Amino acid sequence: RYQVLIRGCIETDSVISIVESAQTATDINDILTSTGTTFFCESSSVKLFSSNTGSGTVNWFSGPGQTFIQQGDTLTLTVDQDILITAYRAACDTSEAVEIFLELSPDPSPPSSIIGPNGPICEGSSVTLQVSDDGQAPGDSYEWIDASNGNVILVGETLTEESLEEGTFVFSVRKVDSCGKISDTTNKVITVIANPGPGTFN
């Protein structure tokens, strides 16, 4: 988890902001009042900067042991581990603090289910399967996997198989999130039975 603690000389008109890649700077106070959590992809570049109008130099430290990193109004670092970052501005008469937790993106959960036939289908039939995912987030995609070799056969939320032969088939799909992390698979078994021959029915 990325924990960012900004401490000292936080004046009313000052801004402590966070930027990831080329995204627009976000006022840390806006993040504090928003719902949900801000996640970062592993190895993404994060820039912290202060526009505090108070006097003094900003000193940046990491970890609970307060290891000095550098001086200056900005700090650019790579999100590759859980870390505590603290910024102090020298020549302060106050010790107001603003805190925010930034976390590495968690591993994605697998799709909730695969929607399709629940009972046997006849030989030669086609089947269409649809991903159902209660945990779907912006940027998620879905990969249908060949269960025999693990290869990706289709990217998308819907899979259609034509003219199935008699047998039992396992269809597998997994989620890939916006950070490129891959979930476990969700599976569905489809049973295909032989068509009745002539004279089967009276």
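Reader: Why does glutamate 143 count as buried?
Author: Its relative accessibility is 16%. Buried means under 20% relative accessible area, exposed means over 50%, and partly exposed lies in between (1.4 Å probe, protein chains only). So glutamate 143 counts as buried. This is a predicted model: local features need pLDDT of at least 70, side-chain atom pairs count only at pLDDT 80 or more, and totals for chains, interfaces and linings use all residues. Residues are numbered from 1 along each chain as its sequence is written, and side-chain values use heavy atoms, with hydrogens and water left out.

Reader: What makes glutamate 143 and arginine 174 a salt bridge?
Author: Their closest N and O atoms are 2.8 Å apart. A salt bridge needs a side-chain nitrogen of Lys or Arg within 4 Å of a carboxyl oxygen of Asp or Glu, so the pair qualifies. Glutamate 143 sits in strand S14 and arginine 174 in strand S17, so the bridge ties together parts that are 31 residues apart in sequence. Arginine 174 has a relative accessible area of 19%, so it is buried.

Reader: How do you know that S14 and S17 pair?
Author: Two strands pair if DSSP finds at least two bridges between them. Strand S14 (residues 141–145) and S17 have five, in the antiparallel sense. Serine 141 stands opposite valine 176 in S17. Strands are DSSP runs of E with at least two residues, helices are runs of H or I with at least four, and both are numbered from the N terminus. The protein has one helix and 18 strands.

Reader: How many salt bridges does the structure hold?
Author: Three. In one of them, lysine 175 meets aspartate 133 at 3.0 Å, N to O. Lysine 175 lies in strand S17 and aspartate 133 in the loop between S13 and S14, so parts 42 residues apart in sequence are tied together. Lysine 175 has a relative accessible area of 2%, so it is buried. Aspartate 133 is at 13%, so it counts as buried.
Another bridge joins lysine 181 and aspartate 107 at 3.7 Å, N to O.

Reader: Are lysine 181 and aspartate 107 buried or exposed?
Author: Lysine 181 is at 22% relative accessibility, so it counts as partly exposed. Aspartate 107 is at 62%, so it counts as exposed.

Reader: How do you know that cysteine 41 and cysteine 179 form a disulfide?
Author: Their sulfur atoms are 1.9 Å apart. A disulfide is a pair of cysteine sulfur atoms within 2.5 Å, so the pair qualifies. The structure holds one disulfide. The two cysteines are 138 residues apart, cysteine 41 in the loop between S4 and S5, cysteine 179 in the loop between S17 and S18.

Reader: Why is the disulfide called left-handed?
Author: The torsion about its S-S bond is about -85°, so it is left-handed.

Reader: What makes up the largest nonpolar core?
Author: A nonpolar core is a set of buried Ala, Val, Leu, Ile, Met, Phe, Trp, Tyr and Cys residues joined through side-chain atoms within 4.5 Å. This one has 13 residues, and those with the most contacts inside it include Trp144, Phe171 and Val173. S13 gives the most, with three residues.
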